[in-house]
Amino acid sequence: MQPAYDWMASKGWQPQPFQRATWEAYAKGKSGLVNAPTGSGKTYALLLPALLRKPKPTGLHIIWITPIRALAREIQQSAERAIEGMNLAWTVGVRTGDTSASERAKMRKKPPNILITTPESSHLILAQKNHQQWMKGCHTIVVDEWHELLGSKRGVQMELALNRFKAYFPELQVWGISATIGNLQQACEVVAGKEGVLIRANIKKSIDVRSVLPDEIEVLPWAGHLGTKLITKVLPIIHQSKTTLLFTNTRAQAEIWYQQLLEADPSLAGRMAMHHGSISRDIRHWVEEALYRGDISVVICTSSLDLGVDFRPVDTIIQVGSPKGVSRFVQRAGRSGHQPDALSVIHFVPTHSLELVEAVALREAVADDIREDRLPLRNAWDVLVQYLVTLAVSDGFYPNEVFAQVQLTHAYAGITPEMFEACLVFISQGGTTLGEYDEFRRVEINAEGKYVVNSRKTAMRHRMSIGTIVSDAMLRVKFVKGGHIGTIEEWFVARLKPGDSFWFAGRSLELVRIKNMEVQVKLSKSKNATIPSWMGGRMPLSAKMGAALREQMQRVHQGIRPDELGALNPLWHLQAERSHLPAENELLMEYFQTREGYHLCCYPFEGRNIHEGLAAMLAHHLSMERGQTFSIAMNDYGFELLSDQEIPIQEVLETLVFERMDVSSDLEAGINAGEMARRTFRDIAAISGLVFQGYPGKPVKDRHLQASSGLLFGVLQEYEPEHFLLKQAYREVYDNYMESERMQQVVARLRTLEVVLTHPEKPTPFAFPIMVDRLRERVSTESLEARIKRMQLS
């Protein structure tokens with residue numbers, strides 16, 4: 001390792017203790033997981049010993065896997081700096097979805113010594129003919145930002161690829177790199193096996209959380225409107241900083257903030273840029289390089305810059321709205337002070353008054369080193385089916401051999417021979433119901449018992465469909481006379497007609513036409529353009545954040561209100577005057593009447609997803625007893641049932657509804673599980689290959705994809721209700737969307753609480769934002785703000 005020590009010394013760096021520990025473990029041939037703060041040198045902890053293992057490389061030796069494309073470029077630059085600094089003769093290649101066909105063809109003929117790629121591209125390697133020979137010199141695989149993959153189908157996809165690679169090369173060393181999460185030891189075992197070593201850096205990252213306070217606290221808050229009203233307070237922060245990343249939680253929010261900042265301060269033109277996943281690769285790369293060089297000073301971004309892209313000049317982070325999770329907040333804060341021992345400063349901009357409580361909860365959770373767990377997925381059969389077809393597309397596979405390998409993964413540790421056989425029957429015969437149709441018999445069994453794909457069409461379509469990210473159909477946005485700007489979801493564009501204007505990538509664009517799945521536009525002078533919205537924008541409160549939030553509410557109840565909690569005193573006083581401030585052993589319920597009807601509000605402080613399930617179960621119980629119908633609304637603090645008839649609130653209390661709840665059966669009865677499973681099945685069908693998502697540049701329209709998967713769902717529901725993919729769809733609804741396991745814990749907690757029922761004469765500060773969220777869905781032609789203003793004054 002002397003060349004590494006010499007090179008680091010030439011840079012004025014000293015190896016950190018965790019780097020030396022990693023070098024030592026690597027030298028012993030071990031695999032494991034490295035955990036260290038952002039900017040502390042995690043990359044070089046693994047890259048340097050892997051480079052020095054073979055000073056004169058002859059083929060592919062290192063595969064470096066990253067979950068996002070932006071990080072791939074940073075890893076490439078880090079590798080090239082180290083190679084040059086240590087006078088090595090290594091070559092570095094990047095293969096992601098952005099890599100051109102010609103570059104990929106060159107790599108197939110002659111692989112680079114280091115390949116930086118994504119989980120999806122690692123499976124494309126497995127789909128190549130003779131891929132084992134192609135990668136025969138590989139001795140190290142590193143999975144970067146493992147915490148981002150763990151707990152997702154991409155993580156399962158990665159487990160399967162690693163499992164196959166280790167079967168090819170028993171001496172292969174597999175390492176993960178992870179930020180701090182609650183279950184690091186488990187994360188280590190999933191990526192590196194039970195013998196993997198966990199190496200943690202003893203570096204305490206200092207994070208300074210500074211809330212941006214409004215001049216006046218709105219005592220009847222509502223979500224979304226406050227953030228941009230604080231622009232006059234955000235601008236001085238930007239101007240006092242050399243470089244700033246302003247994080248929003250959604251792409252639509254990023255577009256709004258970019259426009260409003262530019263309107264408030266035109267001097268930012270040319271100094272400010274935007275970065276999110278729908279903007280084209282070329283523009284994203286330009287933004288990353290311009291920020292690195294110091295050509296721009298402000299970037300409005302989303303999770304596309306959450307991960308470890310190294311922007312060393314950045315000294316300030318602004319977070320707009322609560323990120324709803326401690327780990328995500330710490331990750332973003334770490335983008336500033338991106339070196340060991342440097343202070344990370346993050347300014348918290350609330351989008352409504354109550355989010356200031358979350359700011360306090362986040363600050364204390366960070367100080368107490370609280371992080372969320374990322375629990376690995378189990379039994380994702382759609383991913384396994386896709387993997388088996390991938391193996392059949394390449395050189396084929398023998399079932400007994402693959403079954404033995406798959407059993408070694410965490411994701412399929414409990415798989416039975418019968419379940420594996422069901423997967424084999426599905427890919428080779430289409431299963432019991434679909435076996436009559438040739439398109440579902442994708443894999444053949446040759447005379448030797450090997451499963452292979454002989455159809456070139458099937459092989460081509462499968463390679464194009466590899467991956468587990470199924471988004472709504474995306475259309476390319478490009479100028480009529482000019483280049484590609486980015487992509488936008490089909491459902492949004494379908495609402496526009498030629499001549500309409502919308503904001504995208506920081507520009508006002510006029511729709512000219514939609515042609516061949518391409519949105520052709522020209523620049524518009526309209527300042528009243530529509531802001532695009534994307535599906536799946538709202539993030540639910542994590543369990544750890546919910547607990548931290550309830551701790552703060554207990555302090556409010558006790559009158560302990562430092563900092564932001566004290567700034568909210570006008571709101572607390574109104575809540576106490578109209579209703580009650582609940583203690584940690586109390587469950588507050590409010591019942592009141594307005595012109596809309598009868599409102600029952602309940603405040604468990606558990607997050608929007610949990611509240612949706614609780615509201616559905618409570619509504620189900622009440623409707624069964626009284627035949628009453630309800631509309632439901634919820635936010636992260638509580639939920640509302642609204643009815644045009646009186647709600648038998650006394651019966652709710654006397655019959656102890658939460659005591660009688662059976663989560664598994666009541667959830668199924670209370671929510672439209674069938675319809676939710678139907679939509680979930682759309683993704684399962686695409687991943688498993690039941691439906692084809694289309695060719696490059698000609699994707700299947702989203703409504704057609706939904707119709708095809710919906711038809712298959714109906715057929716299986718009627719003729720094969722025990723089909724493993726159908727059962728998986730229902731399980732995902734309960735486990736992932738409704739968080740059934742956590743719901744069990746929440747209901748158990750609610751049973752221990754004392755119910756405090758109040759009858760406020762007017763909506764309270766807790767109830768008001770929930771009511772506004774419901775209004776958003778069905779507001780009349782009058783503007784939402786005008787309607788809300790009248791409600792506040794009434």
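Analyst: Happy to. A definition first: a cavity here is a set of grid points where a 1.4 Å probe fits but cannot get out, and its lining residues have an atom within 4 Å of a point. Keep in mind that this is a predicted model.

User: Good to know. How many cavities of 30 Å³ or more are there?

Analyst: The count comes to 4 cavities of 30 Å³ or more.

User: And how much space lies in the largest cavity?

Analyst: About 110 Å³ lies in the largest cavity.

User: Which residues lie nearest its centre?

Analyst: Those are Arg550, Ala583, Glu584, Glu586 and Phe605, out of 13 residues that line the largest cavity.

User: Which element gives the most to that lining?

Analyst: That's α23, with 3 residues. Both α23 (543–558) and β21 (586–594) supply at least two residues each to the lining of the largest cavity.

User: Changing topic to helix packing. At what angle do α6 and α9 pack?

Analyst: Helix α6 (residues 119–126) and helix α9 (residues 153–168) pack at about 40°, and their axes are 9 Å apart. That angle makes α6 oblique to α9.

User: Left-handed or right-handed crossing?

Analyst: Left-handed, as α6 passes α9.

User: Which residues meet there?

Analyst: From α6 you have Pro119, Glu120, Ser122, His123 and Leu126. They meet Arg154, Gln157, Met158, Leu160, Ala161, Arg164, Phe165 and Tyr168 in α9. By class, the contact of α6 with α9 has 7 nonpolar, 3 polar and 3 charged residues.

User: Nice. Now α18 and α19: at roughly what angle do their axes cross?

Analyst: The axes of α18 (residues 399–406) and α19 (residues 417–429) cross at roughly 125° and come within 11 Å.

User: Who makes the contact?

Analyst: On the α18 side, Pro399, Val402 and Phe403 do, and on the α19 side Pro417, Phe420 and Leu424. The residues of this contact divide into 6 nonpolar, no polar and no charged.

User: Great, thanks for the tour!

Conventions:
Residues numbered from 1 in each chain as written. Predicted model: local features only at pLDDT ≥ 70, side-chain atom pairs only at ≥ 80, totals over all residues. Heavy atoms only, no water. Axes fitted to C-alpha atoms, helices over the stretch in contact; angles between N-to-C directions. Helix = DSSP H or I, 4+ residues; strand = E, 2+ residues; numbered from the N terminus. Contact = heavy atoms within 4.5 Å. Nonpolar A, V, L, I, M, F, W, Y, C, P; charged D, E, K, R; others polar. 1 Å grid on protein atoms, 1.4 Å probe; cavity = no way out; pocket = protein on both sides within 12 Å on 5 of 7 lines; lining within 4 Å. Points joined across faces, edges and corners; volume = space filled by probe spheres on them. Parallel < 35°, antiparallel > 145°, perpendicular 65-115°, else oblique. Left-handed = near helix turned anticlockwise from the far one by under 90°.
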